[in-house]
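Dear colleague,

Here is the structure I said I would pass on. My notes on it follow below.

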Amino acid sequence: MSRRRRFKPVKITINGKVRTVYNVVQAGNTLLNDWPEQTPAAKVAERLVLDVFNDAAEPEQVRRAFITAAKASDIKFSS
């Protein structure tokens, strides 16, 4: 994992499970596999994950979008 794809950790709780997301790959996997609903905010975050791998976005943008998606889905988080 490239250091450039890491960001400040975000702790979330989905379906009673607490997990900490440290990087773009974990954020993408969580959005695709564990997210309870496909909101517009979650779709934006997913697109940003892909953009990071195409050097069109920064990991911090993914982190912010991930937090926005959590808020939109009423997912408890802390950062």
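R5 sits in the segment before strand β1 (6-14); helices (H or I, at least four residues) and strands (E, at least two) are DSSP runs, numbered from the N terminus. The model is predicted, so to speak of local features pLDDT must be at least 70 and for side-chain atom pairs 80 or more, while totals for chains, interfaces and linings use all residues. Residues are numbered from 1 along each chain as its sequence is written, and side-chain values use heavy atoms, without hydrogens and water.

R5 is buried (under 20% relative accessible area; exposed is over 50%, partly exposed in between; 1.4 Å probe, protein chains only), yet R5 has no salt bridge. A salt bridge here is a side-chain nitrogen of Lys or Arg within 4 Å of a carboxyl oxygen of Asp or Glu. The nearest side chain of opposite charge to R5 is D55, 5.6 Å away; Lys and Arg count as positive, Asp and Glu as negative, and His and the chain ends are not counted.

By this rule there are two salt bridges. One joins D34 and R19, with the closest N and O atoms 2.5 Å apart. D34 is in the loop between α1 (24-33) and α2, and R19 is in strand β2 (residues 17-23), so the pair ties together parts 15 residues apart in sequence. D34 is partly exposed at 27% relative accessibility, as is R19 at 22%.

R63 forms a salt bridge with E60, the closest N and O atoms being 3.7 Å apart. R63 is buried at 8%, whereas E60 is partly exposed at 34%.

Regards
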